[in-house]
Structure formats: structure tokens, C-alpha cells
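This report describes how two chains are built and how they meet. Please keep the sequence and the structure in view while reading.

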2 protein chains.
Amino acid sequence: MLTWVDGQPAASLPLVDRGLAYGDGLFETMAVRSGSPVLLERHLARATAGCERLHIRLDADRLRNEVTAFCAELGQGVAKLIVTRGDGQRGYAPSAGAPRHILQSAAMPAYPAQHGEQGVCLYPCATRLAEQPLLAGLKHLNRLEQVLARAEWQDAEYAEGLMRDVSGRVIEGVFSNLFLVAGGRLVTADLQRCGVAGVMRAELLAQAQALGIECQVRDIELDELLGADEVFLCNSLYGVWPVRRLQARHWPVGPLTRKLQALARHLLDR
Amino acid sequence: MLTWVDGQPAASLPLVDRGLAYGDGLFETMAVRSGSPVLLERHLARATAGCERLHIRLDADRLRNEVTAFCAELGQGVAKLIVTRGDGQRGYAPSAGAPRHILQSAAMPAYPAQHGEQGVCLYPCATRLAEQPLLAGLKHLNRLEQVLARAEWQDAEYAEGLMRDVSGRVIEGVFSNLFLVAGGRLVTADLQRCGVAGVMRAELLAQAQALGIECQVRDIELDELLGADEVFLCNSLYGVWPVRRLQARHWPVGPLTRKLQALARHLLDR
């Protein structure tokens, strides 16, 4: 496994890093094809915006150089970037030092092809997402809610889990964003209270709008999800998975899902 | 600085540790006096209970042995224990491996003596605590809310900040628990929705009850805090700090605060 810390090969981290102490940082998971990260600009923009919200003083040029050099060396697979606030003294007060950049490689996850072809079953997670507007949308390192949610099921029948917020609204998957199609419109959850604003979600919204498809980003109640014509999941690694079942509700794989899946595949199959 | 990983001297951590990836773990901060951790049984019990709630398979005997040996070598100061779920594969699903124990030493923080003698001013943090019952009370590693809250002020006039939940209830300090005294009763926030159930808080509650002081653990609205006769903060390192001011409200240092401060000092001044 290829791993770098601040641009140099390294497999370990100082114990005083604030990423360990407080989850004080952010991450990005990027598909790498032919030495290039897919949707690089969106990943860098999200990391930069996240650091601004957490007041982490990112050197965006240094980060870009490290990510592109790392992915060039990796060639093919997955690159995970972690940016932490760097070393800390004791206590929560943010340290003045430079952030730390961590890059880790992995093989592409070996998801069954049928997830994309026939769709997946969603596990209805009991773990609810707390509402914290200050952190909502960020792909930060405080991910215990996702750990607890993913621990709820072992049955391989379920490829993903549905996460709702404490008020019951439909938000996302454990490691995916969620879209529904109703009356020809594309709808995905507003992520101002909780959730992770995924890079593939943003790309699909942009591409759908460019195709003249009406897109809505707003609150979604469970009844609306259950009444939708099509439901699908997306993320930066697998692209688009149709959802074929949640509890007693079954969905066909619809035409808009297939259209967006093809767009995602075009980005990822290189 | 003395640092151990899994019972051996070490200053770094594998990059694949889930503590870094997801904040997937817990910590304890212990005052160490004459080679022994103060309130060791309470710290170990909280770590054990926290691991149970996060489904981390702790070896409690191994942990106890490492903590006591580390503190014996340290002698005097602060020992910070971090327990993570250990190494992870890619993805949120909890790994099957053993948890990792990290021990780090620090000098006792050099707080001004007047914090304890004359009391402190509380900064009114705008950062609110999200309500997540699954994580409430735990001293877990997802601490971005505390990082954001502590970043709100630099003025040394404020030794601590007041944290309220998203509904406005009074919960705790950024690195302390909070008590108020009203009509001779001791009141501290119920921590079933958010907050950290501190070891010193538990000890003071137990000692106060043993002294026949009525104790209430329940929701506290801001008005009740402002109307209280006495207010104080506590944690495992400094013991008890009276609160002498929050915004326009000034408090005297009251007799029950002094009594509990003396009990905490008895534990810590060895």
C-alpha cells in the first residue's frame, strides 16, 4: 500500500496529531484512473471549503501538488486524502501549526456487478443523524454515527443502509448520497443540518441540470421516498447504484437512474 | 514526553488506525500523583462502559495493567489514555481486530491559582451541542464541536466557555462539567442527549450525596443558571473552579462550591 505523509512516503503518524485526538480534520476518497483522480477539482474544492469552515489553514497549492503526484504514482485504484489540523498541544484550542496531509491508497472495492445492474437493498438504519449545522455537509473525521450505523447489519443482502436524521427525514446512505425521482424531477436531501455533501452528488446535480432535468435539493420525508418512482445511491467510487428495495417497498430500475448511472460510469470507467 | 502504544514505548501510530480515520474510539485524561492515577476506578469504568456502547472489544485487565504501569513510570503529571478500535480496512464496518491502547503524558496544565481562589469568567459559546443519544455522555474522539467552541475566544479573561445544546439547554463547559447550587440543592445537566459525563462530576455527585446534600441530574434552562445561588465547573485535572461571571451576571463564591472544591483538592493535592 502506497502511503504518504506531507508528500513523503510514511506509514505512521505522530501520536500528537489532532486528527487522532479529536477527529480534527477532513477526508476525501477519490477514484484514480490512469494516474489521475476522478473529479479532482470537486474533491479539492470540497477539501478547501471544509478547511475554511473548520479554520484549518490549508495550502491548497501544496495539497494539489501532493494529490496529483500521489495519484500519478498510484496509477489505478483508490486514493484517500486526510487533512488534519496537525500536531496539537493538550487541549481543544486550535494549534497554530501547519495542517498535515495524509494520502493512503487502496484497491478499488470489489462490489458485485449486480449492485449496479439490478440495484441494491437498503437496510433501514436505526442510528439517526444528529443535527449540527456547523458541521453539516462536511466530510470531516467525526464519523462515529456512520460506524454505529454500518455495524447494524452483517447480512450481505444489504449493500447500503438508509440514514435519517433525528427528526426522521431521509438524508443519505452510510457511505453514499441518495436521490429519488418523482414526476420526472430529481430530488436529493438538503444537507444544511447533517449529512455529507458528496462529490458525485454535486456532479450528478450539475450534469442533470445541464440536461434540463429539474433538480430539487430540499427536505425529504420517508413517505415521499416510499412514494418515489425511482431511487438511487451514488458515491465517488461506485458511481450510481439503483435501489430496488427498502423493507416492503420495491422499485424498478428507472430510466433517469440509468441515464445518470451512464454519466457516472463515463467518469469512472477509464 | 512518555508515550506508549499497546504497552510499549512508541511515538507514532499506523495510518490505518480507525481513531484517525473516523474518531472511532474514546479517551480519558487522568491526573497522576505519586505514580498513581487519581480516580482510576472511575476512569477505567467509564472507558469500559464507553467501549461497550461502541462495541469495542476491550481487554479491561490488559488496559488496567498498562495504565497503572504507565502512571507508575510517569510519577507526576497528566496521563491521557486513548482507546481506538484499532486498524481498519477501508469502510465504516467495524473491524474484527484488537483495539489499540495509546498512553501519552503531559505536565499538569499551569492554570492560574486565582481560577480556583476567585473563580473564572465563562465565555458564552455560540457553538451548540447536537443531540445524539447514542453518543451522549461518552468521552469519544469525535470532538469537533469542542474544537469549534474553544476557537470562539482568545481573551485570557475567559478560562472556560459555556456550551448549550441546540435547544438552548445548559449542558457543560468545553472541557468541564457544570454544577449550579439553588436552594441548597446541587444541580447538574442530564447528559442523555449530549455532553460528556465527567469522572470528577460523578465523584462530586457521589460525595455530595454521601454528605446528605440533595443532588438533581436534569435539564437546566439558561434562566435557571442565571438565577442560581452558586455556579461551578469541575474536571479531573483542576478539580473545582467557581464561576464568578457569565455576561452581566456575577456570582459570589458560595459555601457549597468551597466544600466540594476542598473535596476535589483532597483527591488531587497529593
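## Leu2 of chain B

Leu2(B) lies in the segment that comes before β1 of chain B. The model discussed here is a predicted one. Leaving aside residues up to four places away in sequence, Leu2(B) is in contact with Phe70(B), Glu73(B), Leu74(B), Leu103(B), Gln104(B) and Ser105(B).

Strands of a sheet pair through backbone hydrogen bonds, and the pairing is either parallel or antiparallel. In chain B, six strands make up an open sheet with the order β2-β1-β7-β6-β4-β5, and their pairing is antiparallel. The edges are held by β2 (8–9) and β5 (36–37) of chain B; each has a single partner strand, so one side of each has no neighbour in the sheet.

Within chain B, strand β1 (residues 3–5) is paired with strand β7 (residues 100–106) through three bridges, in the antiparallel sense. Which residue of β7(B) stands opposite Thr3(B)? That residue is Gln104(B). Gln104(B) is also one of the residues that Leu2(B) touches.

## The sheet of chain A

Chain A has an open sheet of six strands in the order β2-β1-β7-β6-β4-β5, with antiparallel pairing.

β1(A) and β7(A) run antiparallel and are joined by three bridges. Here Thr3(A) has Gln104(A) in β7(A) as its bridge partner.

## Where the chains meet

The size of an interface is often given as the accessible area lost when the parts come together. For chain A and chain B the buried area is about 4400 Å², and carbon and sulfur atoms give 71% of it. Leu15(A), Tyr92(A) and Leu144(A) supply 19% of the area that chain A buries against chain B, which is more than any other three residues. The contact involves 61 residues from chain A and 61 residues from chain B.

How many salt bridges does the rule find across the interface of chain A and chain B? The number is zero. The interface does, however, hold 18 residue pairs in polar contact, both residues being at pLDDT 80 or more. Several elements give two or more residues to the side of chain A that touches chain B, among them β3 (12–14), β4 (25–33), β8 (120–129) and α5 (144–150) of chain A. α5(A) gives the most to this side, with six residues. Sorted by class, the side of chain A that touches chain B contains 35 nonpolar, 14 polar and twelve charged residues.

Strands also pair across the two chains. β3(A) is joined by three bridges to strand β3 (residues 12–14) of chain B, and the two run antiparallel. In this pairing, Pro14(A) stands opposite Ser12(B) in β3(B).

## How the copies are related

Two copies of a chain are related by a rotation about an axis and a shift along it.

Methods: Residues numbered from 1 in each chain as written. Chains lettered and ligands numbered in written order. Predicted model: local features only at pLDDT ≥ 70, side-chain atom pairs only at ≥ 80, totals over all residues. Heavy atoms only, no water. Contact = heavy atoms within 4.5 Å. Buried area = accessible area lost by both parts, 1.4 Å probe. Salt bridge = Lys/Arg side-chain N within 4 Å of Asp/Glu carboxyl O. Polar contact = N/O pair within 3.5 Å; in protein donor to acceptor, adjacent residues only side chain to side chain. Helix = DSSP H or I, 4+ residues; strand = E, 2+ residues; numbered from the N terminus. Nonpolar A, V, L, I, M, F, W, Y, C, P; charged D, E, K, R; others polar. Pairing = 2+ DSSP bridges.
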